[in-house]
Amino acid sequence: MVLHKVLPAFAIFYLFVSVAPAQAPLPTSTQAQLSTDARLEGMTLDAFTKVVSQAQAGQREAQYLVALAYEEGRLVTRDHAAAANWMLKSAEQEYVPAQAGMGKLYIAGVKDNGPIPHRADAEKWFRLAAAQGDADAQLWLGTAYQRGWLGGFDDREAFQWLRKAAAQGLPDAQFSLGQMYEYGEGVPESDSLAASWYRKAADHSPAYLGGVFEAEVQLTYMYRDGRLPKDDVQAYMWFAIVGSSVTPPTDDDMRQVARHMTRAQIFQAQRLAEDWIKRHPWQRKTDVATAPSPTL
């Protein structure tokens, strides 16, 4: 599986998540978005009718909620034109999530590199939200420069915006920075810095947040390919974490590295993997302690 240039998901799976202290915190703007979408997901038709009335009265938060409802087809029939209309009303009242939302509407469905239609509008709205600290807008703005969506490829500009989002704790941005360092895109190539950002991205839960599982997998590649200082305990740990998170679970890489480990090292690596999975409860839980012993 090649993860280079993985495109962040258009929208993070919006379930409200309380991040345990042992895990890396998400950006404030991302937590607010998770909460907003959880509210919409649990909303009744009567409650939504009241929100529509508030939106029609000009309340910008309500307008944003109505836009999301039309965009996702929740409680109403999906209608992209209606979503854009309500999103614009909210964004024009300087509601930051709606400004980011406008940018997302302009890039919805974009997969290829190169200039996109309405790129000036997309850049305008993303910049407005990004300048006010919206981490997802910063991520998308960095991605847009990296992929040439705004008319040209600019790794330096991409790095600046991705770094802002990564510094706030957005795993997708941390993963993207790791890739930039791993492949030397706009920055000096550095496996150690790449691994550092991958570890930051991996230290989030749930694993379905953009960038989390991808970072875990990329760490296993780096250990497997000998691009990080030899550390069989760490390598085994990451192989166990990733192996337990796929369907069906796999232990092929664990068996390979275990051939060069003592029983004590394997026991240590198993305990580390189990502790990681316990602190990141949305990882698939399999009995890491049953992983194979080395062939002596």
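1. Arg227 is partly exposed, at a relative accessible area of 28%; here buried means under 20%, exposed over 50% and partly exposed in between, with a 1.4 Å probe and protein chains only. Asp225, with 45% relative accessibility, is likewise classed as partly exposed. The two side chains meet in a salt bridge at 4.0 Å, N to O, the criterion being a side-chain nitrogen of Lys or Arg within 4 Å of a carboxyl oxygen of Asp or Glu.

2. The model is predicted: local features need pLDDT of at least 70, side-chain atom pairs count only at pLDDT 80 or more, and totals for chains, interfaces and linings use all residues. Residues are numbered from 1 along each chain as its sequence is written, and side-chain values use heavy atoms, with hydrogens and water left out.

3. Asp225 and Arg227 belong to a salt-bridge network that also links Glu182, Asp191 and Arg224. The salt-bridge count comes to 12.

4. In helix H14, Asp275 and Arg279 lie 4 residues apart, about one turn of the helix; helices are DSSP runs (H or I, at least four residues) numbered from the N terminus. Their side chains form a salt bridge at 3.0 Å, N to O.

5. The largest nonpolar core holds 40 residues, and Leu177, Tyr198, Tyr236, Trp238 and Met261 have the most contacts inside it. Such a core comprises buried Ala, Val, Leu, Ile, Met, Phe, Trp, Tyr and Cys residues joined through side-chain atoms within 4.5 Å. H12 contributes the largest share of this core, 8 residues. Another core, of 20 residues, lies apart from it and includes Leu40 and Tyr64.

Terms used
Helices (H or I, at least four residues) and strands (E, at least two) are DSSP runs, numbered from the N terminus.
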